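I opened this notebook to keep track of what I looked up, entry by entry, in a structure that was new to me.

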Amino acid sequence: MPHGFFQLWLGSGPRAGALLTLFAFPFLPSSITADQFATNSVLILYGEHGGFVIGLILFAVVSTVLILILLRNLSRLHRTRRELNDRLRFERLIAMLSARFVNILPEKVDHEIETGLDEVVDTMKLNHWVFFELSIDGNGLRVTHKMRRLGADATPLSLSKQQLPWLSEQISQGNSVVLPDLAENLPVEAHTEKEFFRDFGINSALAFPFVQAGGATRAILYGSANRQRKWPDEIIHDLHSIGQIFASALARKEADESLRESEATISLAAQSADLGLWSRDMQTGTMWATERTRTLYDFPADAEVTFGQFLASLHLDDRPATEKAIAEAVADHCDYNIVHRVIRPDGTTRWIAARGRAIYSGTGEPLKMMGASFDVTERRQRALEIEGHRQELAHLGRVALMGEMASSLAHELNQPLTAIVTNAAAGQRFVDRGVIDARELHELLLDIALDGERAGKIIRGIREMVRKGNPSRAAVDMNQVVKEVVRLTNSDTVRNGCVLVTELDSRLPPVEADAVQLQQVLLNLILNAFDAMQGTPLHLRRVVLSTAFLGSTSQANGAVRTTVRDFGTGLSKNARQRIFEHFFSTKKDGLGMGLAIARSIVESFGGVLDATNATGGGAIFHFTLPALH
């Protein structure tokens, strides 16, 4: 081979296994064989160009190292790209889940949570997840959601407080649990957890608590079969954020369900009680009203309702009082409670009771007023009927009292009538004798006029006592009532051998009541006191009538108390408990209606009638009435 190329096989070195191509020069002798030429060429080449050969070898080594570094960087780049893609996919999943749960319907929450967590498990290459709830006292554990898509060798987690006592304690204390390697990271006291996780093939786990309003605690548990799985901080944060999204969605769902349940309960209660519910926007005056409210106030079925329409539906005389009550309630931050009339299109009048309460902003500005209205027409009619019956009973009681006092009243009338007859006879004798003394005749006629006026007062008192009709409320002086009753019972006092003592408070304010009915109450109490002392020695028979002003407070104008105290045998325990019952009487011939009627009269004027035993013997009956301004 006079000239050309030849190749050498490299058996060692960084380029082992490679072919080295060499150039053969034409001036070499042709008698040299190829093997000799190759051997000699290598020797000659190395001897003459050793530096070049070494450089060539070094170049090959460096090239190989660079290629290896490039390959490693490419591998690392691919891994980083894969991690970034996984991270990006996970971030997209978080964003998608966040958007999915923004305006989700409550009935879809459970399904979306299970679907979303399955996607998280797939993305993170986990093996298990479970959502559970601890009771408020921490003694109970309930699984609310669990994994739906399971591998062939996986079984669903079934949790209980007994299986996870240590983990439940950590969750109830609000601690997150991060366990990269369960075999190494679980404390000694968590031996139950070790057995539980081993049975389910879980080697690494995460658990996050989410404390809910009301004290209940939810938690999510992630499990992985990989041993010594690393949980980077950003992954822990993201998995916790996902759990928070689901916990918040469940809280909103429960709040919505609770609200719907409350609305259903209120609606049922309102329908059962025949209530009409309403709310008023204090800024615009528009009102929301239920169907029952629209019926009560004759509002159109579908049209918008305003506060002005509400006022227009009321009886003309009731509008100012209703507006005033609402304005005062808003200003004083309290409820308003009022009864007003509504005139129906057919001309009938319905009585409506309304109660409302305002809702205020943080600055105290009224935002809404919410309330309820209900028809009390039938109740008011029944009350009027009951009041009519009570008035009839009171009238019968007064008539009965007049019957009991017939002899006393006859005696009272007999005195002025006798005096009138006597004085008239004396005047007639003066006339018959023909001797008339003008001064004496004038005195006789004055006495006759005074006695006639006295008899007229007695007759008018009897007529007022037996007169039927509705009571007339007016300012009444209790001291004057006591004096009038003392005069009426003067004969009875003498006949029963009693002494009637009065102790009247001179600074007594008036009360708003009917004077005749209060006289009836006092007459009944005084006659009962006379009867209670039939067995009392004559020198001890005494009835004390007293009045007293109990004083006023910042909330009230005070009260006036009238007391009747006797020195009889007092009240037995049974009598004290039943003394005001209808048809109960301690008298042999009593009807048991007097004190019941007396109490109803006092209560109709906003007062209280009560009885107790007195210290030293006897009984005390007293009634208290609100004082007038």
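**Entries on strands and rings**

I began with W288, which I found in strand β9 (residues 286–289), where strands are DSSP runs of E with at least two residues and helices are runs of H or I with at least four, both numbered from the N terminus. I noted that this is a predicted model, in which local features need pLDDT of at least 70 and side-chain atom pairs count only at pLDDT 80 or more, while totals for chains, interfaces and linings use all residues. Residues are numbered from 1 along each chain as its sequence is written, and side-chain values use heavy atoms, with hydrogens and water left out.

I then looked up the accessibility of W288, which is partly exposed at 48% (buried is under 20% relative accessible area, exposed over 50%, partly exposed in between, with a 1.4 Å probe and protein chains only). Leaving aside residues up to four places away in sequence, W288 touches L277, W278 and S279, a contact being heavy atoms within 4.5 Å. The C-alpha atoms of W288 and W278 are 5.4 Å apart, although 10 residues separate the two in sequence.

Next I followed the sheet, which is open, has 6 strands in the order β10-β9-β8-β13-β12-β11 and is paired antiparallel; two strands pair if DSSP finds at least two bridges between them. Its edge strands, β10 (305–306) and β11 (336–343), each pair on one side only. Between the antiparallel strands β12 (residues 349–360) and β13 (residues 366–375) I found 9 bridges, and Y360 stands opposite P366 in β13.

For the rings, I recorded 7 aromatic pairs in the structure, where rings of Phe, Tyr and Trp (its six-membered ring) pair if their centres lie within 6.5 Å, and planes under 30 degrees apart count as stacked, over 60 as edge-to-face and the rest as tilted. F196 and F197 are edge-to-face because their ring centres are 5.5 Å apart and their planes stand at 70 degrees. F196 is buried at 5% relative accessible area, and F197 is buried at 3%. F208 and Y222 also form an edge-to-face pair, with 6.3 Å from centre to centre and 70 degrees between the planes. Since F208 lies in strand β6 (residues 204–211) and Y222 in strand β7 (residues 217–224), this pair ties together parts that are 14 residues apart in sequence.

My last entry concerns the aromatic cluster formed by Y297, F299, F307 and F310.
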